[in-house]
Structure formats: C-alpha cells, structure tokens
Amino acid sequence: MSSSLTQLPSSSIPILTTIATYRAWRKKAFDAGQTVGFVPTMGALHEGHLSLVRQSLSENDLTVVSIFVNPAQFAPHEDLATYPRTLPKDLSLLSAEQVDAPSSDPSSASIIRSPSAVFLPSVSEMYPSGIVQNVAEQKGTFIEVKGYGHQMEGTSRPTFFRGVATIVTKLFNVIQPTRAYFGQKDIQQALLLKRLCRDLLLAHPEPDNLRIIPTARHNSDGLALSSRNAYLTLDGRKVAATLRQALRAAEDAWAEGLTKSECIARGVSVVESRKAQAQTEGLNVDIRLDYLEMNDAQTFDIMTPQSRKGGVDLVILSGALNVDRTRLIDNILLGQTDSLLG
C-alpha cells in the first residue's frame, strides 16, 4: 500500500486513514455500547473476504474492514510490488454488502446492516519506526509466536508469521474489535493468532471471539478463493484444483484407516498424475508441489509416519502447490471441528 493516500476513490462507506480518526470513531461505538466486528484484509477482495464480512454483519452492531498490504509478511523475493491492488473495486464490493440482522428492539423484526467503516492506513502510520522487507535490517518492535511459525507455511516462508503476528497485533490495538474474522484457508495463521490473543491476554478480541470461517471455493472445481488466483494463466487455471484433489485423496485414505505416510503418498500421486496429464494435453504450465503434510492442530507438530485416524482429536491436512508463479495453499481439517469453525 502506498504511503500516500491523498487521492481516494469515492465511497458510501467512511474511509478512515489514520489511527487518530479511527480511534475517535471507535470511542463513539464504545460510548454507545455497540459491538464491533473486524475483517482484516490486504485488499483484492473476493467472495471469501465478503463471506467474512457477512458473518461479521450478522453478529455485530458495526463492522470494520481494514485494507493494508503488509510489507513485513513478504520476504524480499516475494510479490509485494505486484500483489493485486484494486481499491475502487474493493470499496464497490463492500458498499453492496447488506445483511438482514435481528433487531434488539422488540418492536422491529430486523435491521439492515452494511459495513460501517474501512480502515485504510499508510505504511508509515502502521510502522512508525519504518519497515524494510529484510528482517536482518529491520528496526522497531515485532511479534513472534515461538514454536508455531516454522511448520507448514513457515517451512517455505520462515519470516511470514512474524510479519503477520506483528501487523495483526497492531491492528487489534487500533481497531479494538469485539470479534475478528479469518478464513480457514489460512488455518495456521488463524490458529496462531488465537494463541497470540491468549498469550498476550488480549481483550479485543478475546481468543474465543477470533472466528474462523470455512473456506470459500469455486463452485466448479473447489479451488479455494484467493487474491493470488488472479495470477493464474488460462492453462494454470485448468490445473489449479490439483491441490484440492490431492488433499481429498489423502483425506479419503485417512478415513480408510491408512497411515499418515500412506495418506500423503496417495495425495502426492494425484499431483504427479495431473502433471503427466497436463503434459499430455499440451498445457503450458509448470506444476510443483511445495509440501503436503499432516500436523496436530493443537501443537502444529508433524504427525508421525505411522499415525492413524483417532490418534489426536484434530489434524490439519495442508499443502501448497506452485502453478507457474502462483503459490496456492489449502487445507482440510480431519476430526471434530465444531468448536473451531464458526
């Protein structure tokens, strides 16, 4: 996000660009006893984001959406400069969102809620000490959730969760949400942030009020919605659901009672088969599996090769697939998810 926010598109939703103006707005909500739901985003909104917004609208008096492309979660070689930025479209999508919600007034059957504010800060507003992408050169205060950021996504992106934990802590301090909403697609992120709320004794939101909402998907093939899907070529889109198919194959194997290593092997075989098929079809696409793994949802520990269904209450089956330059992630939760997903 550019540090200059002087030219903003028109919007029916108030756009708050500084912490001071937001806190003045938030004080009014506190004084009125209103609940505030919060949906943090990096923009380039899609149906997945909007499903979080609708959930917040249904559960809170007011809903705030932040749009901030966070430099601290991008490594120097990653796509900070090219990450999709579609602010006018984002504001238009948010303006169209409305939810019929129950009214606290017994004489009124329901009320129409729409997003109450967009928090659109500059980089300098969120990082007053400055920010560079190279961790070794950074100065200032950063947050790290020790022991929970090096597995799964953290294996390939070792500084990612440090950047996420830092910006989300900052946003929680500013927004002071009653509830916050995250998507299951980024399950490691969501669970790590729940732990952050517990460990830092946060009241806004309390850990149980950090809501994890099931992944929004394309109806045609189940591809998880992501802003980075915009990078996919036509040929890339034809194979983009390969990761989902591999996860489903591993899930089926787990349900059959196979060992973890056998489940992963079945998923990997799906990827290898699709790569061969893409070559036969003459598709101009490079498919590379980054990882396919199973982790304990509580500890993030990697399941042992001989693990089977029933060993732990909840398992994260997750993976990442590179389709050309687009990195796709997805996951399936194996076990009882009622207490985890909203």
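Is Gln73 buried or exposed? Gln73 is buried, at 11% relative accessibility. The legends below take this residue and several other sites in turn. The model is predicted: local features need pLDDT of at least 70, side-chain atom pairs count only at pLDDT 80 or more, and totals for chains, interfaces and linings use all residues. Residues are numbered from 1 along each chain as its sequence is written, and side-chain values use heavy atoms, with hydrogens and water left out.

**View 1. Gln73 in its loop.** Gln73 sits in the loop between strand E3 (62–67) and helix H3 (87–95). Helices (H or I, at least four residues) and strands (E, at least two) are DSSP runs, numbered from the N terminus. Buried means under 20% relative accessible area, exposed over 50%, and partly exposed in between (1.4 Å probe, protein chains only). Leaving aside neighbours within four places in sequence, Gln73 is in contact with Met42, Glu78, Arg157, Phe160, Gly163, Val164 and Ile167. Contact means heavy atoms within 4.5 Å.

**View 2. Helix H10 and its buried face.** H10 (residues 260–280) has 21 residues and reaches 31 Å from first C-alpha to last, close to the 30 Å expected at 1.5 Å a residue. The expected span is 1.5 Å times one less than the number of residues. Lys260, Cys263, Ile264, Gly267, Val271, Arg274 and Ala278 are the buried residues of H10. Down the helix axis they fall within an arc of 100°, so they line one face. The arc is that of the directions from the axis to the C-beta atoms. These buried residues pack against helix H8 (234–239), helix H9 (242–255), strand E9 (287–296) and strand E10 (314–323). The face turned away from the buried side carries exposed Gln279 and Thr280. Gly282 follows H10, with a positive phi near 75°.

View 3. Ile264 lies in H10 and is buried at 13% relative accessibility. Beyond neighbours within four places in sequence, Ile264 is in contact with Leu292, Glu293, Met294 and Leu317. The C-alpha atoms of Ile264 and Met294 are separated by 8.1 Å. Cys263 is buried at 0%. Cys197 is also buried, at 1%. The disulfide count is zero, a disulfide being a pair of cysteine sulfur atoms within 2.5 Å.

**View 4. Helix H2.** The 13 residues of H2 (residues 47–59) should span 18 Å, and the end C-alpha atoms are 18 Å apart, which agrees. The buried residues include His49, Leu50, Leu52 and Val53.

View 5. The peptide bond from His204 to Pro205 is cis, with omega near 0°. Pro205 is in the loop between H7 and strand E8 (210–213). Met152 has a positive phi near 45°, though not a glycine. Met152 lies in the loop between helix H4 (123–126) and helix H5 (153–156), and is buried at 5%. Phe300, also not a glycine, has a positive phi of about 70°. Phe300 lies in the loop between E9 and E10 and is buried at 1%.
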